[in-house]
Amino acid sequence: MFLYAGYLVWRGLVEEQTLEHPVVWPTNGGLWIDFVEGYRLVAATLPGRDGSLEIGQRQITFAWFDTHQDEVLRRKGCLTTEGHIVGTLTRGSIDELVREELATLANRIWPSVWVEAVVTGIRSASILSGAPIAEFSPLRLAHGAMAIVGDAEHVISPMTGRGYLTGVDDARVLSHELAKLKSDEPIATALARYEKIRLPYVRALVKHSCTISAEYRRYAESGGVGFSEEI
């Protein structure tokens, strides 16, 4: 079991055509990142399900980081009294009262460009999910003829923006080392080389993730000072 990092992320993906007002935001990518009153919002426009970039036909994604939901996580059996994560808030499992409280808060704190999409996603039981965040630093990546890659080997905050890419890099290095393996060498030789290459980076990434999480918790506890960032 993984230890809780002290916050969760509410996620939603909304069809723009369900909104009363289309999102006035570029069709060619980019992230909006907002910090308000200790909360963090990451939002973006994505191509529609048919690949369309036409305004009104896209999808709107959001990730809302929240340090105030420990009691909800415990009540739903996702968090033990010792602080271990044993579950997540899946779509359809989030109480209407919680969703309405979030919708009220969203209307107050988030910028107008995103607020309708966020509130629409929050109010829909079939859209909103909530994932408690954890971090884990592995001691090994390989043992004998077995190796682990990607999310199986490390747990980091999505705030790092490196989760998917790290898994791809793991697979690239592992395949390269396997391709170099001589016919008379055991597979464990290639896996040991993979571990030697990747383990220092993976452990450093988890340490970086923990630093980001600690800074975010301090920001949230202080009540935060609002600012926005466009990427």
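This is a predicted model: local features need pLDDT of at least 70, side-chain atom pairs count only at pLDDT 80 or more; totals for chains, interfaces and linings use all residues.
**Entry 1: strand 1**

Is strand 1 mostly enclosed or open? I counted 10 buried residues among its 14, so the rest of the structure largely encloses this strand. Strand 1 covers residues 2-15.

Next I looked up its partners. Strand 4 pairs with strand 1 over 8 bridges, in the antiparallel sense. Strand 6, residues 129-134, is joined to strand 1 by 5 bridges, and the two run antiparallel. Strand 5, residues 84-85, is also antiparallel to strand 1, with 2 bridges.

I then picked single residues. Leu3 has His84 of strand 5 as its bridge partner. Which residue of strand 6 is the bridge partner of Trp10? I found Gly130 there. In strand 4, Trp64 stands opposite Trp10.

**Entry 2: the whole chain**

I stepped back to see the overall plan. The protein chain has 5 helices and 9 strands. Along the sequence I read the pattern β-β-β-β-α-β-α-α-β-β-β-α-α-β. The C-alpha atoms fill a box of roughly 65 × 45 × 30 Å along the principal axes. There are 231 residues, and 47% of them count as buried.

I also checked how far apart in sequence the contacts reach. Among contacts with a separation of 6 or more, 69% come from residues 24 or more positions apart.

**Entry 3: helix 3**

Helix 3 came next. This helix runs over residues 112-123, which makes 12 residues. From first C-alpha to last I noted 17 Å, close to the expected 16 Å. Which residues of helix 3 are buried? My list reads Trp114, Val115, Ala117, Val118, Val119, Gly121 and Ile122.

I recalled a rule about helices here. An α-helix has 3.6 residues a turn, so residues three or four places apart point the same way. In my list, Trp114, Val118 and Ile122 are all buried.

What covers the buried residues of helix 3? The cover includes strand 1, strand 2 (32-36), strand 3 (39-46), strand 4 (59-66) and helix 2 (96-109).

Leaving out residues up to four places away in sequence, Trp114 touches Val23, Trp25, Trp32, Leu41, Ala43, Ala44, Thr45 and Ile60.

**Entry 4: the nonpolar cores**

The largest nonpolar core holds 39 residues. Which of its members touch the most others? They are Trp10, Trp64, Trp110, Trp114, Val118 and Ile122. Strands 1, 2, 3 and 4 each give this core at least two residues, as do helix 1 (70-75), helix 2 and helix 3.

**Entry 5: aromatic pairs**

I searched the whole structure for aromatic pairs and got 10.

Phe35 and Tyr219 gave me another pair. Their ring centres lie 5.4 Å apart with planes at 90 degrees, so this pair is edge-to-face. Phe35 sits in strand 2 and Tyr219 in helix 5 (residues 187-221), so the pair ties together parts 184 residues apart in sequence. Both Phe35 and Tyr219 are buried. Ring pairs also link a cluster: Tyr7, Phe35, Phe65, Tyr216 and Tyr219.

**Entry 6: cysteines and one arginine**

How many disulfides are there? My count is 0. Cys78 is buried, with 3% relative accessible area. Cys210 is partly exposed, at 33%.

Last, I looked at Arg198 in helix 5. What does Arg198 touch, beyond residues up to four places away in sequence? I listed Leu141, Thr166, Asp169, Asp170 and Val173.

Notes: Residues are numbered from 1 along each chain as its sequence is written. Side-chain values use heavy atoms; hydrogens and water are left out. Helices (H or I, at least four residues) and strands (E, at least two) are DSSP runs, numbered from the N terminus. The expected span of a helix is 1.5 Å times one less than its number of residues. Buried means under 20% relative accessible area, exposed over 50%, partly exposed in between (1.4 Å probe, protein chains only). Contact means heavy atoms within 4.5 Å. A nonpolar core is a set of buried Ala, Val, Leu, Ile, Met, Phe, Trp, Tyr and Cys residues joined through side-chain atoms within 4.5 Å. Rings of Phe, Tyr and Trp (its six-membered ring) pair if their centres lie within 6.5 Å; planes under 30 degrees apart count as stacked, over 60 as edge-to-face and the rest as tilted. A disulfide is a pair of cysteine sulfur atoms within 2.5 Å. Two strands pair if DSSP finds at least two bridges between them.
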